[in-house]
Amino acid sequence: MRNTAEALEQLFLPAECLLCHALLSDRDTDRIVCPVCRHRWRPVRPPWCERCGQPEPHFGPCRLCAEWPAALTVVRSAVWLSDGAREAVHALKYGALPRIADDLAAAIAGVSLPTDAASVLVPIPLAPKRLRQRGYNQSEALARALSRLWKIPVVDVLIRSRETATQTALTPETRLANVAGAFTPGPETPGRRPGVSRDATYILVDDVFTTGATLAEAARALEQAGARTIYGVTFGRAVIPDFT
């Protein structure tokens, strides 16, 4: 069920695509992005590293995910961060348009993951200050929308234990240091929440994958709390230099 802010937003905003401004059909009036613009998003496809999804060719082991915690076994992204996908993410994070998460989650839903009935979705948490400024957590908005499509629950088992600088302007090397120790398990850690066992598959949800530093650090906290199998999904994947 949509909250009041989203309902008012839908009532007063013109029924046009956020990206190309074409009028939306009656069938798509609950959307933010039109079918044509969604079709232009370029899916991330193999060949890739089977673990982190980094595009091949690889010469030897993939260096991007070599230092990830062992429990983080699969990470996939839906589309490349181009062709309007970047603008869609910007609208979600900075444009006060949490409703666009439905469009982004529909793209993520096409990602193939070896999930089962015990799977749960874990949004990457925001620090309290940034959450107050933004008014919502974009990763949680994505996870909630994805939950409706995949029919698996969202659990808040992580806490952002400290503020970190935005990752956008950081180099791959400094990203790891920036998020080191940024997450801690919350009170509902794996094995303590009713109906969620340590054997559940924990699927981390975030908006963009660049180097995987944030997902890896969040997975490290989950692993330390007892999670044994962790996946990650994001809507966008940034094009970065080959780490191999």
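Q: In what order do the elements of the chain run from the N terminus on?
A: This is a predicted model, in which local features need pLDDT of at least 70 and side-chain atom pairs count only at pLDDT 80 or more, whereas totals for chains, interfaces and linings use all residues. Residues are numbered from 1 along each chain as its sequence is written, and side-chain values use heavy atoms, with hydrogens and water left out. The chain has eight helices and six strands, taken as DSSP runs (helices H or I, at least four residues; strands E, at least two) and numbered from the N terminus. From the N terminus on, the order is α-α-β-α-α-β-α-α-β-α-β-β-α-β.

Q: What percentage of the residues of the chain count as buried?
A: Buried means under 20% relative accessible area, exposed means over 50%, and partly exposed lies in between (1.4 Å probe, protein chains only). The chain has 244 residues, and the share of them that count as buried is 51%.

Q: What distance does helix α8 reach from its first C-alpha to its last?
A: Helix α8 covers residues 213–224, which makes 12 residues. The expected span of a helix is 1.5 Å times one less than its number of residues. For α8 the expected value is 16 Å, and the helix comes close to it, reaching 17 Å.

Q: How many residues of α8 are buried?
A: The buried residues of α8 include Ala213, Leu215, Glu217 and Leu222. Helix α8 is largely enclosed by the rest of the structure, because the buried residues among its 12 number nine.

Q: Which residue just after α8 takes a positive phi?
A: Helix α8 ends at residue 224. Just after α8, a positive phi of about 120° is taken by glycine 226.

Q: How many bridges join β1 to strand β6?
A: Strand β1 spans residues 72–80 and is mostly covered, with eight of its nine residues buried. Two strands pair if DSSP finds at least two bridges between them. Strand β1 runs parallel to β6 (residues 229–237), and the number of bridges joining them is seven.

Q: Which residue in β6 is the bridge partner of tryptophan 80, and over which ring does its charged end sit?
A: The bridge partner of tryptophan 80 in β6 is arginine 237. A charge sits over a ring if NZ of Lys or CZ of Arg is within 6 Å of the ring centre and within 35 degrees of the ring normal. The charged end of arginine 237 lies 4.0 Å from the ring centre, over the ring of phenylalanine 209.

Q: How far apart in sequence are the parts tied together by tryptophan 68 and phenylalanine 209?
A: Tryptophan 68 and phenylalanine 209 form an edge-to-face aromatic pair, at 6.3 Å centre to centre with 65° between the planes. Tryptophan 68 lies in the loop between α2 and β1, and phenylalanine 209 lies in strand β5 (residues 201–209), so the pair ties together parts whose separation is 141 residues.

Q: How many disulfides does the count come to?
A: A disulfide is a pair of cysteine sulfur atoms within 2.5 Å. Cysteine 34 is in no disulfide, the nearest cysteine sulfur being that of cysteine 37, 3.7 Å away. Cysteine 52 is in no disulfide either, with the sulfur of cysteine 62 nearest at 3.7 Å. The count of disulfides comes to zero.

Q: What separation do the C-alpha atoms of threonine 229 and alanine 70 have?
A: Threonine 229 lies in strand β6 and is partly exposed, with a relative accessible area of 25%. Threonine 229 and alanine 70 are 159 residues apart along the chain, and their C-alpha atoms are separated by 8.7 Å.

How values were computed
Rings of Phe, Tyr and Trp (its six-membered ring) pair if their centres lie within 6.5 Å; planes under 30 degrees apart count as stacked, over 60 as edge-to-face and the rest as tilted.
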